[in-house]
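Please read it alongside the coordinates.

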Amino acid sequence: MSEADSKKEPLQPPASEPTPAVEPAKPSKTAPSKPVASGGARSLATVALLVGLGGVALAGYGVWQLQQLGVQEGQRLEAMQGTAEQTRQLAERERQMAARLGRLEQLPSASELEERRRMLATLQSDQQRLSGRVEQVLGASREEWRLAEAEHLLRMAMLQLSAMQDVKSAEMLVHEADLILQKQDDPAAYSTRQKLLEGLEGLRSLPELDRTGLFLQLGALRGQTAQLSALAPEFVNGEAQPESAQDSRWQRWLNELTRYVRVDFDASADVKPLLAGQTLGQVRLALSLAIEQAQWAVLNGNAEVYRQSLEQASSVLKDHFSEDNGQARGLRKRLEELSQREVEVTLPDLAPALEALQAYVQKRERRDAGDAGEAPAQPETQDAEQEAQRT
């Protein structure tokens, strides 16, 4: 049905309208109106259906339009947020650039930079010169201290030889002094090292002397003197003579007496006196003093006094104690063995080595003083070169 038809349809009377009361008895006139009423109802239903469908379509279209508007609004919000973020980033960059520009404005000018560069170069040059001087002074002081130590070691070695004749200690001290000169690595020290090595080899060629051991051995023997004692004579009862009937009474008495008393007129061994009391103490004291004197001779390297003292001790034992006394015999034998030991050697002279070392130290000090006098000219030359470079 078209729109024109719908416009013409209201011109017809509606089906629900009542018929006039004046015409109830005319059924023949109302019969043709029934088809017209049903067709109108269908038309109205169709129109209503179309109107409903149109409303639904309009409603759906409106909903779709609202959804599209929501999407577009979300995109606008996101775009606005992105724009705000970009704006914030731009503002942050502008702030950073402003801060950098502010720092750049605080930087010195080109002339100030040049002046500071020049001052820095001067400071570095002065620092290098100062460090060089400090290193030179410290190096010289260290070497001087080591040379002084070598001289002290050599003096100690000479003292050990002269006072105690301790060859081993003197050898070690001279060797340490030679090591110090070896570390100098200076050709001027070769002659000094030669003197030191001559003295060192002289010490090494000496026979080995154990003065301490010999002194202690004599001390042990000296302690044994307090235990010496003389042997008392023992009487040995003789055998009885066989009796005979022909012997008289006096002969029998004489035979019995010979068992207790014996006189030997042809004795070959010396009869030693019986020592006791004060006499034995005096003999022990004399023997102890002789051994103590031998100990003094060992420490002082006096071979003559050493041998005389031991011979004196052996004579005391020989004169006052019998050969049957085993303790005295063993002590005497031990003293005779020790008397053959060497207590004195010809020691080398270390004075030439000490004089050579002192001469080398003085020569080195003069050389260092000359180098120190020439050192100040170098900083002036460096300053002149730097000034020429700046101009």
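Contact here means heavy atoms within 4.5 Å. Leaving aside its neighbours within four places in sequence, Thr192 is in contact with Leu181, Ala356, Leu357 and Tyr360. The model is predicted, so local features need pLDDT of at least 70 and side-chain atom pairs count only at pLDDT 80 or more, while totals for chains, interfaces and linings use all residues. Residues are numbered from 1 along each chain as its sequence is written, and side-chain values use heavy atoms, with hydrogens and water left out.

**Helix contacts**

- Thr192 lies in helix H6 (residues 190–204); helices are DSSP runs of H or I with at least four residues, numbered from the N terminus.
- Thr192 counts as buried because its relative accessibility is 1% (buried means under 20% relative accessible area, exposed over 50%, partly exposed in between, with a 1.4 Å probe and protein chains only).
- Leu173 belongs to helix H5 (residues 167–184).
- Not counting residues up to four places away in sequence, Leu173 touches Leu153, Met156, Ala157 and Gln160.
- The C-alpha atoms of Leu173 and Met156 are separated by 7.2 Å, the two residues being 17 residues apart along the chain.

**Aromatic pairing**

- The structure holds one aromatic pair.
- That pair, Tyr61 and Trp64, is tilted, at 6.0 Å centre to centre with 35 degrees between the planes.
- Rings of Phe, Tyr and Trp (its six-membered ring) pair if their centres lie within 6.5 Å; planes under 30 degrees apart count as stacked, over 60 as edge-to-face and the rest as tilted.
- Tyr61 and Trp64 are separated by about one helical turn, because they are three residues apart in helix H3 (residues 33–106).
- Trp64 counts as partly exposed, at 43% relative accessibility.

**Enclosed space**

- A cavity is a set of points, on a 1 Å grid over the protein atoms alone, where a 1.4 Å probe fits but cannot get out; lining residues have an atom within 4 Å of a point.
- Grid points are joined across faces, edges and corners, and a volume is the space filled by probe spheres set on the points.
- The count comes to one cavity of 30 Å³ or more, and the largest cavity holds about 50 Å³ of space.
- Its lining consists of Leu317, Lys318, Phe321, Ser322, Glu323, Ala328, Arg329 and Arg332.
- Helix H10 (303–320) and helix H11 (326–338) each supply at least two residues of the lining of the largest cavity, and the largest share, three residues, comes from H11.
- By class, this lining has three nonpolar, one polar and four charged residues (Ala, Val, Leu, Ile, Met, Phe, Trp, Tyr, Cys and Pro count as nonpolar, Asp, Glu, Lys and Arg as charged, and the others, Gly among them, as polar).

How values were computed. 1 Å grid on protein atoms, 1.4 Å probe; cavity = no way out; pocket = protein on both sides within 12 Å on 5 of 7 lines; lining within 4 Å.
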